[in-house]
Amino acid sequence: MRRIGVIGAGAWGTALAMAARRAGRDVTLWAREPEVVAAINGSHENTPFLAGVALDPAIRATGDLAEAAAADAVLLVTPAQHIRATTARLKPLLAAGTPVVLCAKGIEIASGGLMTEVAAMELPDTPLAVLSGPTFAAEVARGLPTAVTLACRDADISQRLAQALGSLTFRPYASDDLVGAEIGGAVKNVLAIACGIVAGRALGDNARAALITRGLAEIARLGQSLGARAETFMGLSGLGDLTLTCGSLQSRNMSLGHALGQGQPLADILAGRNSVAEGVYTAEAVVRLAARQGVDMPICQAVDAILNHGADVNATIQSLLSRPLKTEGA
């Protein structure tokens, strides 16, 4: 896997391009925006999405999807709600057997499908993998030590991808639990919004720790109902990603929740950003999926109520705190 194509040149796609380049690969990075292509090729910096990080001059940006798809492996890093449209465009461009690594964390609102389910509809014969785990894009781009989960049902492809992307500072750990990796990555974004609200309302570290712990229980309940293994949620794509995203305002989702907690309207928060906070869209999809599976997820339901149904923040917090007491394993 000498040639790596990266589809999506936001902060995370750009960071993954740097990780692949540090691993010695030839990297082509596709961007939808011509100004991003020009900035990366001209000044070797993604000024709109990852300003201040010097990029390896060998990374080549392109606006031609076919150029990025002409690779030995493709990392798909477009936002979750655009995965279906992007995979449909990729279908005629991919060579047979080219692995596609899904790097977006979310659930499709329209179908309730995980990213692998959505991609498989458009790319039924393509080997799919999931890359997830505790990652802030700027730290990965700068080469700070990072470990991730690389989930794939084909052990040989998983090993080859790990060798292609791994380096001293970017360490992929193999798994065959795609569902577990995806559920952990998707739901933690919703929980990070909740933790941001806790911080914005100055409810304290005790409350945040309790929310993280009970949120992990929600992740595990939903994941296991879909066939995931319990131990996956104690790994990088579960507990690791959850603690990172719920513990720092570097997180787009936590910072959005923090602004909500301080009383800012959601529309104003979103209008001031050029990056996607996946939890805003995933909240609705998670609640629908949980209802379909018969799984109780009160924290995620509360976040969805605030984001999508105009629920009052204080009243919603009071409702959560007034729930009947139960045993911890429930």
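## Helix H1

In this predicted model, helix H1 spans residues 11–22, and its 12 residues reach 17 Å from the first C-alpha to the last, close to the 16 Å expected at 1.5 Å a residue, where the expected span is 1.5 Å times one less than the number of residues. Helices (H or I, at least four residues) and strands (E, at least two) are DSSP runs, numbered from the N terminus.

Because 10 of the 12 residues of H1 are buried, H1 is largely enclosed by the rest of the structure; buried means under 20% relative accessible area, exposed over 50%, and partly exposed in between, with a 1.4 Å probe and protein chains only. Among these buried residues are Trp12, Leu16 and Met18. H1 is followed by Gly24, whose phi is positive, near 90°.

## The sheet and its helices

An open sheet is formed by 8 strands in the order S3-S2-S1-S4-S5-S6-S7-S8, with mixed pairing; two strands pair if DSSP finds at least two bridges between them. Its edge strands, S3 (60–62) and S8 (170–175), each pair on one side only. Strand S1 (residues 3–7) and strand S4 (residues 73–76) pair in the parallel sense over 4 bridges, and the bridge partner of Ile7 in S4 is Leu76.

Helix H4 (residues 83–90) packs on the sheet, touching S1, S2, S4 and S5, where contact means heavy atoms within 4.5 Å. The direction of H4 makes about 155° with that of S4; axes are lines fitted to C-alpha atoms, for helices over the stretch in contact, and angles run from 0 to 180 degrees between N-to-C directions.

## Helix H5

In helix H5 (residues 115–122), Met115, Thr116, Val118 and Ala119 are buried. They lie on the same side of H5 because they cover an arc of only 160° around the axis, the arc being that of the directions from the helix axis to the C-beta atoms. The buried residues of H5 pack against H4, S5, S6 and H8.

## Nonpolar cores

A nonpolar core is a set of buried Ala, Val, Leu, Ile, Met, Phe, Trp, Tyr and Cys residues joined through side-chain atoms within 4.5 Å. The largest has 46 residues, and those with the most contacts inside it are Ile183, Val187 and Leu256. Helix H8 (178–200) is one of the helices that each supply at least two residues of this core, and the largest share, 12 residues, comes from H8.

## Notes on the model

Residues are numbered from 1 along each chain as its sequence is written, and side-chain values use heavy atoms, with hydrogens and water left out. As this is a predicted model, local features need pLDDT of at least 70 and side-chain atom pairs count only at pLDDT 80 or more, while totals for chains, interfaces and linings use all residues.
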